[in-house]
Amino acid sequence: MDDISQSGVAFNIDTFEAIVNIMRQQDSSDKLEEERNRVAEILNQFIKREDIFSFSIEALQSNMSAYSKYYIVQGIRNSIKKFWEIQSEEFREEFKSFFFQYIISIVQSNSAHYLIEICNSALIDIFFFDFPDKWPDILQDLVNSSEVSLQNCINVFKILTSMCEFINETESNYITVKRSIEVKTAFKEYTENIINFVIKAVVSSENDEQIKSGLISLRQLIGFLNNEQYLRVDILNPIYSILARTDKHGIEIIEILSDYISLLHDVEGSEELQNTTFNVTIQVFNYLAGEDFSKAPELLENEEFQYTFITDLTDIISQLMEYVNTQEFFQLLRWVYIMTENAPERIANEIITFWSKFLRQLAIAYIDDPQINETIEQFYHSLRQELIYLVPQPLTSSKYLDDDEREKNTMISMGLITVDFFPPRECITLLTNKNPDDMISIILDNFKNLDLEKLDLKKFTGLLFSSGLVAISLDPDYLDTYLKELFQILFGLSEQFSDLQMKYLIAKTICFVTWSMNRYLDIPTNYAITRALILKILDFMVEDDFEMQFYAIHAMKQLGIKSRNTLTKSPSEDEKSLLQIFCEKTDEISEKLYIENLPELYDCLGLWIPRNPPENEVFTASWVWDHLAERILNFISNSPLNNEQELQLLVAQVKAMANIANFCKIPCSDMMKEFFEALCQLYLTFSNKLVESGIFDDDNLNQFGLLIALIKSSIMKLFDRTISNNPAKNEICSNVIIPITFNQIVIDYVNLPPIGRTPEVFNLMNSICRKHQQNFVENLQLVLTNLYLPTVQMFGDNFDSFLNVRFSFYAFLSNMCTINQILSKLGEEGSDEVLNCLENGATNPYERISNNALIGIINLFNEAYKSMKYDEISLKFIEKHLLDEICFMFNMLIDPTYKCTFDRQISAISNLCSREYAQARAEEIFYRVCSLFPNRPSQEIGEILHNAFTSFNTLIDLRNSVKSFVISVTQISPLDPDLNKQEAKEQAAKLAEQFKDVTGYVYNQAEESSNRNHLDIAQNVSSITI
């Protein structure tokens, strides 16, 4: 049975039918399920047979089931994509003739729809290879086939629709962008005739399915008309003709008219036709629905229709603004407004997006009709009353994996500039700016008129977050009064509600306003509001709700980032500063926090601590370090640490200390020395527990073992961050942490079973290597013996074993390769071993591992190039490995498994080739690379290598030539995002450069490349031929 999937094996119809029938059996027994899985794999291999064309016609002409023929056509599609161009002209003509007639016959005989659909797709595959040069008549052939029967006509419409969609996408995996453009250009020449054919067929039809399919096809086709054809082709009269006979196709007609208006906007001389089309659109919709949907109330229940109508209008709103001075335009808005009043949740975002774009356009529109202006003012007022209920929650939390990809943490994000939240924010801002008094009045009146017994949760949520957006939008003249009233209302509501969900929503709103208004709250004159807010947020921190605590802490974090001046200063000698209030409540809050929130609390505290405190300030970084260190030491001393709850609390406390290390420099005190020494002993104690206590289940840590591993992980993170964020001369780092690391932590690592080893040890080594390189070099052999070698040995051949360790290990290894004269320190054998290890990492399918390993290879060769003139080991390394490494990179390029690191591979090739040593061996390198790709033109290889040898200053030419090469050799799409990361970055930087002066714009200045001159290459490789 397996033989049938192998190329060259004779195809037997009965055998194949029997295999496919196994897939169709309904029995759910385990034995049959296992058999089905095996058959599925056989069929998956079958469709990849390279000789499928040799028996495809016979198979399709046989009496096999449609289900079996479906797999045959799948194989035909695969072969078309891979082998069509190498088939003989005679075969191609024979197959096209047969297959075209075959589609007509299966449609005529009402075969299974899935077989017809895949045959249509295969025909379109051939179309993309052979149109127009080798099959110029395919479109006329389709038109002619439509006359065979009604069903064939409907199928032709479907084929034309799919063709148009396929041409517009230009994302095929088997054709180049150039070929797609050629097909599109040729297709446009036939479009007018095809449209006339579709119109004629639809207008004369009495069949609803035929009319609908034709209209869908017509909508796609009109996008291919050129300017002259737009003015020549009659679309409107056929639509009137259809409407005169039936009103069943209103959605399709509205879609066509919406697209038509949008497309006409760019056609010179079409103003009259635009006006006519707009009026026809209004008339058609009026005819279908009436002025207030009274003729078709069912449309307000039809989400598909509403979605299409709203999105089409959104796309053409800028064109429609030309009619803003007409009553017809406001009739259009009335329909959208009625939909807004009845908005189903699924299309609420689309409705908000429409109003956002409309209000933006209206803000700059010139309207000279007083009556229209009065209508607009009324319209604004009505919109304010409706849109405030559609604002979604701007604050969201999500889980993400920690550095070692074992531990889940919670992250908060505020959606003020996200895709989903920007439109509602813009709506509220524009509506507020137009008339702040009216908006404030609507918000406050809605709060005052709340019926707490009959509360609509969705509307209440929208009102809460709209109130926050209004605050963001208001000028300072309005803000003081509004915020005082708003906070008074929100504070009152938080006391009125006993329901935790309602209190949570109000708390979230207060946090959102705090988050958004932190600069305002930092102004000394607003101290009273800031104080009241912080006291309320501190109350939220002790509520028995994880998310309420979480959002409250993050609101306090934002205040710490933006409003530290207000927090650390007391308004009078008799009054405590807000920092003092917070610090004094730390213990009380800690006792009531969920364990997961404890690290976030100290993270927040670290942000509040002043960076340059006055001499008399008690609450400084030293206070925070000592406070938490004392808390942890007491906990360790007084807890047996033998149950999960105690271990979870210890993990949280150590993580909290690691968070403090991110913001506060560590004081050089006896307390800190005692603290880190105690943590080291705790670390080693838990290592012994891992070895001695039997807390493994089938080579995996059990729950108790995982908690111990997390404690060790947290301790290492604390050590790592302390090293990273403190000066190299800090005594705790140099005299305590580093000796502990090399004398105890490194030795501990090798003594543990692989499953118990702590990945964060490599992060700590990374930091030591960066900040204390001399200490690291002195202990290099210790590191290689006790960290590097045991880790490489435990990885084995399984690429996804010990992933958490691999991630940290390769980041460390790539950084180690930057050490000056690293190859001479490693020795010849050691250097070869490290390179081999990096190559193994580079071919790991996980992007993060592969990327770090490639960086390591680049770093290693950079150090070799720098040292080769005076270091014999570095010179031998280059001589031994350079050519092989270049070939290694080219092999990675053409393997789709590694396309996620495409840009890094390009950088590696540039680094390897753009040095004098490589340039002097250009001819040898050229022949080696050509031997990898014997079926590619030598000129193509020469051009790529020429760009590589001259890529020292810019990678643009190299990247473009390699990208074209990869697309032609593999089946990777030319628009694959992995191949276009750099282009996306460059486009983003280009946009940022244009708008960097805009207030509030977030701009990341790209590093400017140095003005190094191009190096002369030894010879012009592009001229070499074989």
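Q: Among contacts in the protein chain between residues at least 6 apart in sequence, what percentage join residues at least 24 apart?

A: The model shown above is predicted. Within the protein chain, 73% of the contacts between residues at least 6 apart in sequence join residues at least 24 apart.

Q: How many helices and strands does the protein chain have, and what percentage of its residues count as buried?

A: The chain has 49 helices and 4 strands. Of its 1026 residues, 54% count as buried.

Q: How should I read the length of a helix, taking α40 as the case?

A: One compares an expected span with the distance between the end C-alpha atoms. Helix α40 covers residues 803-816, and at 1.5 Å a residue its 14 residues should span 20 Å; the end C-alpha atoms are 20 Å apart, which agrees.

Q: Is α40 mostly covered or mostly uncovered?

A: Helix α40 is mostly covered, with 13 of its 14 residues buried.

Q: How is the packing of α40 with α42 described, and at what angle do the axes cross?

A: Two values come first, the approach of the axes and the angle between them. The axes of α40 and α42 (residues 847-867) come within 8 Å and cross at roughly 20°. That angle makes α40 roughly parallel to α42, because angles under 35 degrees count as roughly parallel. The crossing of these two helices is left-handed.

Q: Which residues of α40 and α42 meet?

A: On the α40 side, the residues are L803, R806, F807, Y810, A811 and S814. They meet R848, I849, N852, A853, I855, G856 and N859 in α42. By class, this contact has 7 nonpolar, 4 polar and 2 charged residues.

Q: Which helices does α22 pack against, and at what angles?

A: Helix α22 (residues 457-473) packs with α21 (residues 436-448) at an angle of about 145°, the axes being 10 Å apart. With α24 (residues 500-516), α22 packs at an angle of about 15°, the axes being 9 Å apart. As for handedness, the crossing of α21 and α22 is left-handed, whereas that of α22 and α24 is right-handed.

Q: Which residues make the contact of α21 with α22, and how do they divide by class?

A: From α21 come M439, I443, N446 and F447, and from α22 come F460, L463, L464, S466, S467 and V470. These residues divide into 7 nonpolar, 3 polar and no charged.

Q: Which residues of α22 meet α24?

A: In α22 they are L457, F460, T461, L464, F465, S467, G468, L469 and I472. Their partners in α24 are Q501, M502, L505, I506, K508, T509, F512, V513 and S516. The contact divides into 11 nonpolar, 6 polar and 1 charged.

Q: Where is S65, and which residues does it touch?

A: S65 is in the loop between α3 (53-61) and α4 (66-83). S65 counts as buried because its relative accessibility is 16%. Not counting residues up to four places away in sequence, S65 touches E17 and R24.

Q: Which backbone features deserve attention in the loops?

A: Most residues other than glycine have a negative phi, and most peptide bonds are trans. N110, in the loop between α5 (89-108) and α6, has a positive phi near 55°. At 59% relative accessibility, N110 counts as exposed. F802 lies in the loop between α39 (780-795) and α40, and its phi is also positive, near 50°. F802 counts as partly exposed, at 25% relative accessibility.

Q: What kind of peptide bond joins F131 and P132?

A: A cis peptide bond joins F131 and P132, with omega about 0°. P132 is placed in the loop between α6 and α7 (138-145).

Conventions:
Residues are numbered from 1 along each chain as its sequence is written. This is a predicted model: local features need pLDDT of at least 70, side-chain atom pairs count only at pLDDT 80 or more; totals for chains, interfaces and linings use all residues. Side-chain values use heavy atoms; hydrogens and water are left out. Axes are lines fitted to C-alpha atoms, for helices over the stretch in contact, and angles run from 0 to 180 degrees between N-to-C directions. A crossing is left-handed if the near helix is turned anticlockwise from the far one by less than a right angle, and right-handed if clockwise. Contact means heavy atoms within 4.5 Å. Ala, Val, Leu, Ile, Met, Phe, Trp, Tyr, Cys and Pro count as nonpolar, Asp, Glu, Lys and Arg as charged, and the others, Gly among them, as polar. The expected span of a helix is 1.5 Å times one less than its number of residues. Buried means under 20% relative accessible area, exposed over 50%, partly exposed in between (1.4 Å probe, protein chains only). Angles under 35 degrees count as roughly parallel, over 145 as roughly antiparallel, 65 to 115 as roughly perpendicular and the rest as oblique.
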